[in-house]
Amino acid sequence: MSSRSQKIILAIILLAAAGGLFVMFGPPRLMAKTETPDFCASCHVMESQFEAWFHTGAHRSIRCIDCHLPHQNFGAYYTWKSIDGMKDMFIFYSGRVPETITLSEHGKKTVQSNCTRCHETTVEKIDRARNCWECHRWLQHNLAGSRLTVN
């Protein structure tokens, strides 16, 4: 690799790091604002999910990020907050929002991990082979308030 290529790569890394530090620590309360359910609902495609959580959600006393971001460490949390946020922005502004919003495979693992983290004493007594929302179907935003039986 040439010296010029190395300088370009280094410049990109430094700009990304500076941008990340600015967003994390620059504008007062920016990070705190982006962690609120109101911020998540500010994108009109998330209105129905917000309404389901706000009015009938079983977990309406917690924030979206408590379920949808990993909490094993600071680095993982902010890495995935950045990845998911940028992905959501791209999907929204490119006009590629799907008719039905679903969790990615990574999102499913994250939500499942957070369910077991918060409900540790309860889930230690059960088989963890299934995702929590397969039995607790009313936790899904599009089904909140609808009590469905397990087949």
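## The second largest pocket

In this predicted model, the residues that line the second largest pocket divide into seven nonpolar, seven polar and three charged. The space within the second largest pocket comes to about 340 Å³, and of its 17 lining residues Thr 122, Val 123, Ile 126, Cys 132 and His 136 are the closest to the centre.

Two or more lining residues are given by each of helix 7 (105–118), helix 8 (120–123) and helix 9 (132–135). Helix 7 supplies the largest share of the lining, with three residues.

## Overall fold

The protein has nine helices and zero strands, and its pattern along the sequence accordingly reads α-α-α-α-α-α-α-α-α. Among contacts in the protein with a separation of 6 or more, 48% are accounted for by residues 24 or more positions apart.

Of the 151 residues of the protein, 20% count as buried. The protein exposes about 11100 Å², of which carbon and sulfur atoms supply 61%.

## Cysteines

How many disulfides does the count come to? The count is zero, where a disulfide would require a pair of cysteine sulfur atoms within 2.5 Å.

For Cys 43, the closest cysteine sulfur is that of Cys 40, and because the two sulfur atoms are 9.7 Å apart, they are too far from each other for a bond. The sulfur of Cys 118 has its closest cysteine sulfur in Cys 67, at 6.9 Å, which is likewise too far for a bond. Cys 118 counts as exposed because its relative accessibility is 51%, the cut-off for exposed being over 50%.

Key
Residues numbered from 1 in each chain as written. Predicted model: local features only at pLDDT ≥ 70, side-chain atom pairs only at ≥ 80, totals over all residues. Heavy atoms only, no water. Buried < 20%, exposed > 50% of the residue type's maximum accessible area, 1.4 Å probe, protein only. 1 Å grid on protein atoms, 1.4 Å probe; cavity = no way out; pocket = protein on both sides within 12 Å on 5 of 7 lines; lining within 4 Å. Points joined across faces, edges and corners; volume = space filled by probe spheres on them. Helix = DSSP H or I, 4+ residues; strand = E, 2+ residues; numbered from the N terminus. Nonpolar A, V, L, I, M, F, W, Y, C, P; charged D, E, K, R; others polar. Contact = heavy atoms within 4.5 Å. Areas by Shrake-Rupley, 256 points an atom, 1.4 Å probe, with all protein chains shown as cover.
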